[in-house]
Amino acid sequence: MSMTANFESGSTKPKVSVSKTPLRWVGHIVLRIFLIIQALIVVYPLIWNVLASFKTNTEVMESPWSLPKTLNWENYVNAFTTARIGDYMLNSVLVVAMSMVILLAVALPTAYALGRMQFRGRGLITNLYMAGLFIGGAYIIVPLFILMNNLHMLDNRFWLSAVYATGSLSFSVYLMIGFMKSIPQDFEEAALIDGAGYMNILFRIILPITRPAIVTLVVFGFFDFWNEYVLALTLVTSDEKKTIPIGLANLMQIQQYATDWGSLFAGLVIVLIPTVIVYALLQKRLTEGMMMGGVKG
């Protein structure tokens with residue numbers, strides 16, 4: 001590769017031209033072909049699922065690769081009425097909302113104390129939180145089930161939300177500590193001189209500055225809680241309290257015998273819609289938060 005600098009007329013800034021060798025061009029073409037194939041592998045099943053959700057059972061079985069002849073909206077009606085996808089989705093929304101409230105209420109003050117205050121035992125407590133990063137929920141599901149059974153916490157959406165929030169607490173505290181440590185102490189010292197308390201400083205100074213990190217935390221938490229399956233299957237037994245991953249798994253088992261494939265694919269599309277909306281709305285802020293975390297962490 002050779003690089004030359006030319007000065008345009010009337011301009012003091014050099015115009016840099018980069019000549020690419022044939023080998024570099026081949027590398028770019030191979031990379032783009034690889035990315036296109038990878039994108040097709042990811043996107044094609046989603047598109048096929050959306051198209052199949054508008055087909056009749058006969059179309060799904062006889063011509064699974066063709067476009068639907070008509071938009072069969074009845075599949076979506078059956079998904080809400082017969083398969084009760086709406087009830088499962090409402091339970092998931094409730095569980096996710098409670099989990100996020102519990103998680104933020106606990107993680108933000110904890111990260112503030114561990115990240116910006118000096119007290120005896122701070123390092124030990126921080127290391128204990130970091131150790132939680134290596135403990136998956138599935139590894140402790142048996143003692144967790146026994147404990148919650150003894151405390152009569154099973155089959156309860158609030159306690160399921162508390163378990164979700166506790167499972168994500170270590171990562172959340174780890175993420176927020178990195179952001180809070182990067183904030184200059186001058187803000188805090190000025191607020192203390194003006195007579196502000198620690199909680200006032202947290203809510204009026206620290207949290208507005210760490211808003212990108214909070215958005216990142218909310219997005220990661222939403223995807224984790226919305227798609228969680230193992231704990232919800234174990235800790236919730238009543239059909240009217242099941243979340244959407246459990247309801248969808250039950251629907252798949254039922255539709256194997258009822259052969260109502262259109263309703264099944266419509267249910268899958270309905271499950272995907274909230275995650276797509278959340279990602280589309282918060283994608284920019286999520287990227288900003290991750291980039292800031294990478295720079296400051």
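Reply:
**Helix packing, pair by pair**

Helix H7 (residues 157-181) and helix H10 (residues 211-227) have axes that come within 10 Å and cross at roughly 155 degrees. Axes here are lines fitted to C-alpha atoms, for helices over the stretch in contact, with angles running from 0 to 180 degrees between N-to-C directions; helices are DSSP runs (H or I, at least four residues), numbered from the N terminus. That angle makes H7 roughly antiparallel to H10 (under 35 degrees counts as roughly parallel, over 145 as roughly antiparallel, 65 to 115 as roughly perpendicular and the rest as oblique).

Before going on: this is a predicted model, where local features need pLDDT of at least 70 and side-chain atom pairs count only at pLDDT 80 or more, while totals for chains, interfaces and linings use all residues. Residues are numbered from 1 along each chain as its sequence is written, and side-chain values use heavy atoms, with hydrogens and water left out.

On the H7 side, Tyr164, Ala165, Ser168, Phe171, Ser172, Leu175, Met176 and Phe179 meet Ala213, Ile214, Thr216, Leu217, Phe220 and Phe225 of H10, contact meaning heavy atoms within 4.5 Å. By class, that contact has eleven nonpolar, three polar and no charged residues (Ala, Val, Leu, Ile, Met, Phe, Trp, Tyr, Cys and Pro count as nonpolar, Asp, Glu, Lys and Arg as charged, and the others, Gly among them, as polar).

Next, H8 (residues 185-193) packs on H9 (residues 198-209) at about 130 degrees, axes 10 Å apart. That makes H8 oblique to H9, and the crossing is right-handed. Phe187, Glu188, Ala191 and Leu192 in H8 touch Tyr198, Ile201 and Ile205 in H9, which splits into six nonpolar, no polar and one charged.

H4 (residues 85-116) and H5 (residues 122-131) pack at about 135 degrees with axes 9 Å apart, and are therefore oblique to each other. Here the crossing is left-handed. Thr110, Ala113 and Leu114 from H4 meet Arg122, Ile125, Thr126 and Tyr129 from H5: four nonpolar, two polar and one charged.

As for the record, an unreviewed UniProt entry annotates "transmembrane region" at residues 29-51, 93-115, 127-146, 158-180, 201-223 and 261-282 (positions use the numbering here, feature names are shortened, and annotations may be inferred rather than shown by experiment). In the model, residues 29-51 are 100% helix and 0% strand (strands being DSSP E runs of at least two residues), with end C-alpha atoms 31 Å apart. Residues 127-146 are 55% helix and 0% strand, their end C-alpha atoms 27 Å apart.

How values were computed: Left-handed = near helix turned anticlockwise from the far one by under 90°.
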